[in-house]
Amino acid sequence: MNKVIACAIVITVAFPVSALAGMLFFGWELTGTIMDSPAEYSGAMTWGASGSFGFVLDDTGWPDPSNQVARWDHIFNTYFAVNYDNSTPGAYNWKGEIDGWYTLEFTSAPPGFNGSVAGEFRPEITLRDIDEDGIFDPFEREGENLINGSFTILCNVGTGELECQRGTGSMQNNYISFPYLPATDVMPNGSGSVNLFACPSANEATSWGNIKALYR
Ligand SMILES: [Ca+2]
Ligand SMILES: [Ca+2]
């Protein structure tokens, strides 16, 4: 039995009316660093639900962590340097997106949310040029920069109650800093959310297939 069929049966048997869904907000404390390899961050949820969230950034081709200066210079020059924005006084910054993957697991959450899911995650990181000099100074690298991002939750990818849910998740207004090793970053007041919808049932999937067949 493939996973598509498994999911449809779960919906039909366990949620005959409409599958549970909705929006859930939660907080977390993540620890990690882009300066080590793998470039990963992970931690436990602190409010809204119990569970964990984490992500790893694709550091293929980046300089080895044994040379911290070369590693940071590569990251800055590759993802941020060309994106300098000094158009808003008081908010000079560089923005960059880095490919990665997330994992999300709710171990104790409202009905409909308990389970795990993983997938692609490409966060946007905003580096703040606090003294507005066009240089990303050490005090700015080690200070409060911002990371935001959204990810997709697909049908039949997750486990538990998330297997038959689809939707979006996000990481909202989290601080991130980039101290050189051996220091690592702690994000003590991070937060995120998921917005879930039921996956199409077997009947809906069949109907859609029939509709598409009419136009072939
Ligand atoms: Ca600066
Ligand atoms: Ca400066």
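Is Ser37 buried, partly exposed or exposed? Ser37 counts as partly exposed because 17 C-beta neighbours lie inside 10 Å. The cut-offs are these: a residue is buried with 20 or more other C-beta atoms within 10 Å of its own, exposed with 12 or fewer, and partly exposed in between, with C-beta atoms placed from the backbone.

Before we look around, a word about the model. It is predicted, so local features need pLDDT of at least 70 and side-chain atom pairs count only at pLDDT 80 or more, while totals for chains, interfaces and linings use all residues. Residues are numbered from 1 along each chain as its sequence is written, and chains are lettered from A and ligands numbered from 1 in the order in which they are written.

**Around Ser37**

Ser37 sits in the loop that links strand 1 (22–32) with strand 2 (39–47). Strands here are DSSP runs of E with at least two residues, numbered from the N terminus. Setting aside neighbours within four places in sequence, Ser37 is in contact with Asp59 and Pro65; contact means that the C-beta atoms, placed from the backbone, lie within 7 Å. Asp58 is 21 residues from Ser37 in sequence, and their C-alpha atoms are 9.4 Å apart in space.

Two strands pair if DSSP finds at least two bridges between them.

| Strands | Bridges | A bridge pair |
|---|---|---|
| strand 2 and strand 3 | six bridges | Tyr41 and Phe55 |
| strand 3 and strand 6 | eight bridges | Phe55 and Tyr102 |
| strand 1 and strand 12 | 10 bridges | Trp28 and Gly190 |

Strand 2 and strand 3 also form a hairpin, with two residues between them. In that turn, Gly48 has a positive phi of about 90°.

**The nonpolar core**

The largest nonpolar core has 20 residues, and among those touching the most other members are Trp28, Met45 and Phe53. Such a core is a set of buried Ala, Val, Leu, Ile, Met, Phe, Trp, Tyr and Cys residues joined through C-beta atoms within 7 Å. Strands that each supply at least two residues of this core include strand 1, strand 2 and strand 3 (50–57). Trp28 is in contact with Met45 and Phe53, among others. Apart from this core lies another, of 14 residues, including Ile75 and Trp94.

How values were computed
Helices (H or I, at least four residues) and strands (E, at least two) are DSSP runs, numbered from the N terminus. Two residues are in contact if their C-beta atoms, placed from the backbone, lie within 7 Å.
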